[in-house]
Amino acid sequence: MGKFICFLCCFLSPLFAALHAGVSTAAAAQPVVLSTESRWIVDESSGRRVKLACVNWPSHLDAVVAEGLSKQPVDEISEEIINMGFNCVRLTWPLFLFTNDTLASLTVRQSFTNLGLSESVAGFQTNNPSIIDLSLIDAYQEVVASLGRKKVMIILDNHTSKPGWCCSNSDGNGFFGDEYFNPQLWLKGLTRVATTFNNTKNVVAMSLRNELRGRRQNVNDWYRYMQKGAEAVHAANPNLLVILSGLKFDRDLSFLLKRPVSLSFSNKLVFELHWYGFSDGLAWQSGNPNQVCGRLVGETTKKAGFLLDQGYPLFLSEFGVDMRGSNVNDNRFLNCFMGWAAEQDVDWALWALTGSYYIREGVVGLDETYGVYNWNWGEIRNQTTLQKISALQYPFRGPGYSETRTHKVLFHPETGLCVKRMSLLEPLVLGPCSEAEAWSYSTPQKTLTIVGTYFCLEADELGQPAKLGIFCSDATTKWEAISESKNHLSSKLGDSTKVCLDIDSDNNIVTNSCKCLNRNNKCDPGSQWFKIIDSTRSATTDNNLLHRVIRSIVKFIAKIFLGSFSL
């Protein structure tokens, strides 16, 4: 019995240490100035990482007014942005707003009247009467001020030159030298915007131009003008991050692999990338999701992801899905994107806040099916999808977040949740990633072990919960990422049957037969996709959980001990 008690004490010691390490982390204070440290965006004063979790708020269309202000008061929208979990807005603007004084001096009322938008005028008078008779440029600044009052960071994005919907290869806004894209006027506009917001603390970055494209696009002119644009912004407002987009609708930055940009300043440069399901047509719907995900993640790494390894932040300034939830192409894309974005721990901006537009491509009140809001800007269009995406707001690592040694967490892209445990005797479940279990993963042995313990993940029976065991040399405790997506975690049962981690209807972690490993394009593997990702965060715990886990440990070991005797 003495040996057993000794064993029990030795066994529990690392568990207690691991549990007490799980403390919550207070949210970072609102940054005043952002900078970069290698691949991370940080608060310049503290050096702590600031993860941009943004939403796009279009203000570049025909009316040249931030969308939605005929539906809701501007301060209510700004507050709801924070309540939704976003800390940042990518606020778009057309170049001519800051370079054409005739346009800029039009009032909001005049702009709507010229477009025949009488209903928008009436809505504006009800919801934002203090803005309707402001000039367009003053109205833009009032939106910036409203966001500032709610402590929302702003990225000012030059989306187009001529106001209107973006983007096509032939709209005259695509590349330097196009009909509406005079490089010298563009440089003048960048300087004016950077100067205008020089003392606006919540304006933290400028994105120089959205989705460069078209027949004129070429690498040499990209370097020539984007470097000039970056220098112009920095000279006018050195506090700002400077964000550069790539070619081919901001899907290609591969030319930077061998030829970096040359700038006079440092620690302010960020690159941006766009990625949608429709970026690759209907590939997600027509192909096997494992194959498509594996191929397109590989392409994205070659075209842009490599910048993270080179020490630059990569900002996913646009991604999004059909919020109605019935678009198979988008739903499959989102599962893959979630896994990639969590694994890379990138900064991002969702397209879009917009429930509907004043007018878009000639259609009054056009419904934005990719919008967070519904048509009348009164409710969230799809709370489930928004909650799923909100998982990406959580920083898994970076400066200021080295709370523990680097470990692994198991992320489930389809739900945006992570694997956690309530106790040793209860099934592993999905929960918030702030409560994720910390694992170590040994590549040669292929075992997933809870950090600070001897417990490893074990496949038990088909269709039954995965369990924790202490005999970690059996085939049932060996896990490896399989399929072309590398998103399935597979092991073997005692009879050598191959199984994959899965979830049941209650989000318990179970093992089932692996699915969608062939070329079947009708199969959806989403429930079986898990990513093993790096984290340096401590899991949040409370005393009740701590006591519950301790009791389960004692019961578990007692069960093993008593079971070894014949009574």
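**Disulfides, sheets and cavities**

Visitor: Is the link of C456 and C472 left-handed or right-handed?
Guide: C456 and C472 form a disulfide, a term for a pair of cysteine sulfur atoms within 2.5 Å. Their sulfur atoms are 2.1 Å apart. The torsion about the S-S bond is -100°, and the link is left-handed.

Visitor: How many residues apart in sequence are the parts that C456 and C472 tie together?
Guide: Elements here are DSSP runs, numbered from the N terminus: helices are H or I with at least four residues, strands are E with at least two. C456 lies in strand β18 (residues 456-458), while C472 lies in the loop between β19 (467-469) and β20 (480-482). The pair therefore joins parts whose separation in sequence is 16 residues.

Visitor: What pLDDT do local features need here?
Guide: Residues are numbered from 1 along each chain as its sequence is written, and side-chain values use heavy atoms, with hydrogens and water left out. This is a predicted model, where totals for chains, interfaces and linings use all residues, side-chain atom pairs count only at pLDDT 80 or more, and local features need pLDDT of at least 70.

Visitor: Why does C472 count as partly exposed?
Guide: Buried means under 20% relative accessible area, exposed means over 50%, and partly exposed is in between (1.4 Å probe, protein chains only). C456 counts as buried because its value is 0%. C472 counts as partly exposed because its relative accessibility is 23%.

Visitor: How many disulfides does a search of the whole structure find?
Guide: The pair C456 and C472 is a disulfide. C500 and C514 form a disulfide too, with sulfur atoms 2.0 Å apart. The search of the whole structure comes to seven.

Visitor: Which helices hold C293 and C336?
Guide: The sulfur atoms of C293 and C336 are 2.1 Å apart, so the two form a disulfide. The pair links distant parts of the chain, 43 residues apart. C293 is in residues 289-309 and C336 in residues 328-344, which are helices α10 and α11.

Visitor: Why is the disulfide of C293 and C336 right-handed?
Guide: C293 is buried, at 2%. C336 is also buried, at 2%. The disulfide is right-handed because the torsion about its S-S bond is about 80°.

Visitor: Which strands make up the closed barrel?
Guide: Strands pair if DSSP finds at least two bridges between them. The barrel has eight strands with parallel pairing. They run β3-β4-β5-β6-β7-β8-β9-β10.

Visitor: Which residue in β9 stands opposite H274?
Guide: Strand β8 covers residues 269-274 and strand β9 covers residues 314-319. The two run parallel, joined by four bridges. Opposite H274 stands E318.

Visitor: At what angle does α11 run to β9?
Guide: Axes are lines fitted to C-alpha atoms, for helices over the stretch in contact, and angles run from 0 to 180 degrees between N-to-C directions. Contact means heavy atoms within 4.5 Å. α11 lies across β8 and β9, and its angle to β9 is about 165°.

Visitor: Which are the edge strands of the open sheet?
Guide: Four strands form this antiparallel sheet, in the order β20-β21-β22-β23. Each edge strand pairs on one side only; these are β20 and β23.

Visitor: Which residue in β23 is the bridge partner of I503?
Guide: Four bridges join β22 to β23, and the two run antiparallel. In β23, I503 is partnered by I509.

Visitor: How far apart are the C-alpha atoms of F530 and G339?
Guide: F530 lies in the loop between β23 and β24, and counts as buried at 1% relative accessibility. F530 touches residues including I503 and I509, not counting residues up to four places away in sequence. G339 is 191 residues from F530 along the chain, yet their C-alpha atoms are separated by 7.7 Å.

Visitor: How much space lies in the largest cavity?
Guide: A cavity is a set of points, on a 1 Å grid over the protein atoms alone, where a 1.4 Å probe fits but cannot get out; lining residues have an atom within 4 Å of a point. Grid points are joined across faces, edges and corners, and a volume is the space filled by probe spheres set on the points. The structure holds two cavities of 30 Å³ or more, and residues lining the largest include Y394, H407, C433 and R537. The space in the largest is about 50 Å³.

Terms used. On a 1 Å grid over the protein atoms alone, a cavity is a set of points where a 1.4 Å probe fits but cannot get out, and a pocket is an open set with protein on both sides within 12 Å along at least five of seven lines; lining residues have an atom within 4 Å of a point.
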